Amino acid sequence: MSTPLADKACYSAELPTPRNLTFAREDWEIIARYWYPVAMASEVTEGPLGVTLLDMPLVVYRVDGKVVVADNLCTHRGMLLSLGEDQKDGKGIKCPYHGLRFGAEGKCTAIPAHPKNKIPEKMHLRAYGAVERYGLIWTCLASKPGDEADAHIPPVPHWDDEGYQQINCPYIDVEAFAGRQVEGFIDVAHFAFVHDKSFADADNPEVPDYKPVPTEDGFETEYWSTQANVPHGVEADIPEDFQWLRHFRVHVPFAASLVVHFPEGARLSMLNAACPVSAKKTRLFDARCRNFDTDQPVQDVYDFNRQVFEEDRAMVEAQKPENLPLDPKLEVHIPADKSSIAYRRALRSIGLSEFFTA
């Protein structure tokens, strides 16, 4: 049974087949119909940028400022277009092998060996929808140029609110499955044990009760605790008995946001947007905003985010099995796992198999 969002995500376009598929084909067919971030907007220029999404090699570039996402193989002789040089003319990219040019929507615009001949339709690249939002470039392998209006991009709470500073932390590569990474992000029982060197209190491991509430595309939950969210070594005037609210929202298959409520109305909002490079590699993108310390250097934010996610990465990369067991009988659960259980249930609801990585 699929969720309403899964139904909306199912474009009619015939899906391409990656040459080296690491997912079970039936599961790949499902998750390929969602939108994922593949690059930071700041790194996409007129020159070609090579990325991979769900085992599919892609090239990302700009034409007259507009982002293009297409297959990273020249249709002529299969050369990686990402090896081409920046043409610096705003008109597209050039194949480094025979000089073919590709512009808007992946259309071939020039064949230097035959400049007067008509360009065959088959010479155009397969291109996909491309959305620039939250400082990230998003695409969907089941989309085509023109589908952007129907793109379902997970939101970053407060991103456009007045008084909030918008920040994009550098992406982080994790040698693990995206489902494991997302589950780690929403786990509330690991703070005292994994993040005791960055922000958490090792002597405060108890997890208060909380309740996930289903949404159209996943679930949300409000988690209250006395576990602080201030980097160690940073002075902050926090009442001793202050109750921290962490509001999680999960968007299947591989995105989750977190809004942390600080004293006196301060808010930190972040989107954990996982790009499943393959079944065993994830590129984690982070878009966040805050309404405090907006005049402070963002490098401190980058450094703290890196420290926290390096701590998480050490755990996620060591988990076995590498995939995410969706059958609830395959692992033992405790009450603190309510978010994990809700996440796995949401993944099952869109039709994924019990073990949906290869």
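**Reading the interior and the backbone**

Q: Which residues line the second largest cavity?

A: The lining of the second largest cavity consists of Pro170, Tyr171, Ile172, Leu271, Asn272, Leu284, Phe285, Asp286, Asn305 and Phe309. A cavity is a set of points on a 1 Å grid over the protein atoms alone where a 1.4 Å probe fits but cannot get out, and lining residues have an atom within 4 Å of a point. This is a predicted model, in which local features need pLDDT of at least 70 and side-chain atom pairs count only at pLDDT 80 or more, while totals for chains, interfaces and linings use all residues. Residues are numbered from 1 along each chain as its sequence is written, and side-chain values use heavy atoms, with hydrogens and water left out.

Q: What is the volume of the second largest cavity, and which elements supply its lining?

A: The second largest cavity has a volume of about 50 Å³ (the space filled by probe spheres set on the points, which are joined across faces, edges and corners). Strand 11 (165–174), strand 16, strand 17 (281–290) and helix 5 each contribute at least two lining residues; helices (H or I, at least four residues) and strands (E, at least two) are DSSP runs, numbered from the N terminus. By class, this lining has seven nonpolar residues, two polar and one charged (Ala, Val, Leu, Ile, Met, Phe, Trp, Tyr, Cys and Pro are nonpolar, Asp, Glu, Lys and Arg charged, and the others, Gly among them, polar).

Q: How many cavities does the structure hold, and what surrounds the largest cavity?

A: Rolling a probe the size of a water molecule over the atoms shows where empty space is left. Here there are three cavities of 30 Å³ or more. The largest has a volume of about 250 Å³. It is lined by 19 residues, of which Phe185, Phe199, Leu258, Met270 and Val308 are the closest to its centre. Helix 5 (299–316) is among the elements that supply at least two residues of this lining, and helix 5 gives the largest share, five residues. Eleven of the lining residues are nonpolar, five polar and three charged.

Q: Which residues lie nearest the centre of the largest pocket?

A: A pocket is an open set of grid points with protein on both sides within 12 Å along at least five of seven lines. The largest pocket has a volume of about 700 Å³, and among its 24 lining residues Pro231, Val234, Phe262, Phe292 and Asp293 lie nearest its centre. Its lining comprises 15 nonpolar, two polar and seven charged residues.

Q: What lines the second largest pocket?

A: This pocket, of about 390 Å³, has 16 lining residues, with Glu183, Gly184, Asp187, Gln319 and Asp337 nearest its centre. Helix 3, helix 5 and helix 6 each supply at least two of the lining residues. The classes are four nonpolar, five polar and seven charged.

Q: Which residues touch the most other members of the largest nonpolar core?

A: In soluble globular proteins, nonpolar side chains tend to be buried together. A nonpolar core is a set of buried Ala, Val, Leu, Ile, Met, Phe, Trp, Tyr and Cys residues joined through side-chain atoms within 4.5 Å; buried means under 20% relative accessible area, exposed over 50%, and partly exposed in between (1.4 Å probe, protein chains only). The largest core has 88 residues, and Leu54, Val60, Ile137, Trp138, Leu141, Phe254 and Tyr343 touch the most other members. Strand 16 (residues 267–278) provides the largest share, seven residues. A second, separate core of 16 residues includes Leu81 and Leu125.

Q: Where does Leu81 lie, and is Leu81 buried or exposed?

A: Leu81 lies in the loop between strand 4 (66–71) and strand 5 (93–94). Leu81 counts as buried because its relative accessibility is 0%. Beyond its neighbours within four places in sequence, Leu81 is in contact (heavy atoms within 4.5 Å) with residues including Pro48, Val59, Phe102 and Leu125.

Q: Which peptide bonds are cis, and where is a positive phi found in a residue that is not a glycine?

A: Most residues other than glycine have a negative phi, and most peptide bonds are trans. A cis bond joins Val252 and Pro253, with omega about 5°, and another runs from Lys320 to Pro321, with omega near -5°. Pro253 is in the loop between strand 14 and strand 15, whereas Pro321 is in the loop between helix 5 and helix 6. Lys88 has a positive phi of about 60°, as does Tyr134. Lys88 counts as exposed because its relative accessibility is 66%, while Tyr134 is buried, at 13%.
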